[in-house]
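Please examine the sequence and the structure shown here before reading on. The paragraphs that follow lead from a single chain to the contact between two chains, and then to individual residues.

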There are 2 protein chains.
Amino acid sequence: MANSEATPRSPCVFSNVLDILGDRWTLLIVRDLFFFGKHEYKEFLSSPEAIATNILASRLQKLVCAGIIDEMPHPQNKSRKLYFLTERGKDLLPMLVEMAKWGEKHLTQTEVMRPLFEVIRRDAAAFQRKVLRDLKNWEKANLA
Amino acid sequence: MANSEATPRSPCVFSNVLDILGDRWTLLIVRDLFFFGKHEYKEFLSSPEAIATNILASRLQKLVCAGIIDEMPHPQNKSRKLYFLTERGKDLLPMLVEMAKWGEKHLTQTEVMRPLFEVIRRDAAAFQRKVLRDLKNWEKANLA
């Protein structure tokens with residue numbers, strides 16, 4: 001199984017998950033793949049958090065190594081790459097939903113997040129099915 | 001509302017949660033408070049990941065500032081402190097349960113995590129109720 005560390009800090013599952021995902025940036029790329037239909041380096045770069053190019057490159061590589069995302073040459077331009085969530089990556093969705101629920105309840109938010117919060121509050125399971133269906137449709141169109 | 005950053009990177013809920021929790025150590029302290037009955041600096045220090053003293057001190061402070069944990073003088077020794085999860089901190093439990101489920105499914109684990117995985121698989125809601133009940137009992141005994 002892929003793990004980002006050659007020698008894990010401990011046998012604890014939380015420690016091992018954090019060795020892969022525990023930083024301020026990695027899950028933002030996963031977020032962009034899940035919720036914003038982003039699949040390209042320059043698309044991740046344009047997210048509002050303004051990730052630095054070297055951090056983005058290292059996190060994409062880390063996510064590929066951990067088997068959370070995969071990459072393929074862009075069909076229109078072989079020098080570009082398309083990134084997409086693997087099944088392992090898609091299984092992170094329930095964790096992101098819990099993050100959103102916690103953040104809605106406990107952090108100051110601006111109006112921009114309200115549509116996401118409302119759709120999760122209405123039916124979190126249906127929301128997750130829809131996100132996964134949208135990813136499947138993108139895959140059908142692009143990974144044929 | 002407490003937020004670890006004076007100027008958030010973006011209005012995104014995921015970004016703001018990660019500004020507080022997005023590193024390799026913070027959630028390990030939260031884990032120790034939830035699952036291992038740890039409440040003291042030296043107890044966190046003795047966890048198998050061998051957190052450095054300066055990192056531990058900074059993360060405890062960050063968690064207090066974010067309102068996720070609180071602190072009080074130790075009843076037996078005023079120079080020591082007891083740390084405990086606030087209601088805001090306790091609301092992180094569903095996220096940790098999802099982390100554990102993802103880790104069980106996708107990472108190599110050793111035998112030590114099996115009891116946790118089994119109890120979550122059997123009834124995740126009952127497991128969470130038990131964890132919160134245990135915390136309440138500790139509070140009754142210590143925060144009286």
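**From one chain to the pair**

The secondary structure of chain A consists of eight helices and two strands; helices (H or I, at least four residues) and strands (E, at least two) are DSSP runs, numbered from the N terminus. Along the sequence these elements follow the pattern α-α-α-α-β-β-α-α-α-α. The model is a predicted one, in which local features need pLDDT of at least 70 and side-chain atom pairs count only at pLDDT 80 or more, while totals for chains, interfaces and linings use all residues. Residues are numbered from 1 along each chain as its sequence is written, and chains are lettered from A and ligands numbered from 1 in the order in which they are written.

The overall dimensions of chain A come next. Its C-alpha trace spans about 40 × 40 × 25 Å along the principal axes. Of the 144 residues in chain A, 33% are buried. A residue is called buried if 20 or more other C-beta atoms lie within 10 Å of its own, exposed if 12 or fewer do, and partly exposed in between, with C-beta atoms placed from the backbone. Two residues are in contact if their C-beta atoms, placed from the backbone, lie within 7 Å. Among the contacts in chain A with a separation of 6 or more, 43% join residues 24 or more positions apart.

How are chain A and chain B related by superposition? A rotation of 180° with 0.0 Å of shift along its axis places chain A on chain B, with an RMSD of 0.0 Å. This is the relation of a two-fold axis. Copies are superposed by least squares on the C-alpha atoms of residues with pLDDT of at least 70 in both. In chain A, the C-alpha nearest the axis belongs to A:Asp23 and lies 2.1 Å from it. The same surface serves both copies, as 100% of the contact residues of chain A recur in chain B.

The contact itself takes 41 residues from chain A and 41 residues from chain B. On the side of chain A that touches chain B, H1, H2 and H6 of chain A each supply at least two residues. H6(A) gives the largest share of that side, eleven residues. By class, the side of chain A that touches chain B has 20 nonpolar, ten polar and eleven charged residues. Here Ala, Val, Leu, Ile, Met, Phe, Trp, Tyr, Cys and Pro count as nonpolar, Asp, Glu, Lys and Arg as charged, and the others, Gly among them, as polar.

Attention now turns to the interior. In soluble globular proteins, nonpolar side chains tend to be buried together. A nonpolar core is a set of buried Ala, Val, Leu, Ile, Met, Phe, Trp, Tyr and Cys residues joined through C-beta atoms within 7 Å. The largest such core has 62 residues, and those that touch the most other members are A:Phe14, A:Val17, A:Leu96, B:Phe14, B:Val17 and B:Leu96. The elements that give two or more residues to this core include helix H1 (13-21) and helix H6 (93-106) of chain A, together with helix H1 (13-21) and helix H6 (93-106) of chain B.

Helix H1 of chain A is mostly covered, with nine of its nine residues buried. Its buried residues include A:Phe14 and A:Val17. Among the elements that cover the buried residues of H1(A) are H2 of chain A and both H2 and H6 of chain B. Leaving aside residues up to four places away in sequence, A:Val17 touches B:Met99, B:Trp102, B:Gly103 and B:Leu107.

Is helix H8 of chain B largely covered or in the open? Of the 19 residues of H8(B), the number buried is zero, so this helix lies largely in the open. B:Val131 lies in helix H8 of chain B and is partly exposed, with 17 other C-beta atoms within 10 Å. Not counting residues up to four places away in sequence, B:Val131 touches B:Phe34, B:Phe35 and B:Leu93.
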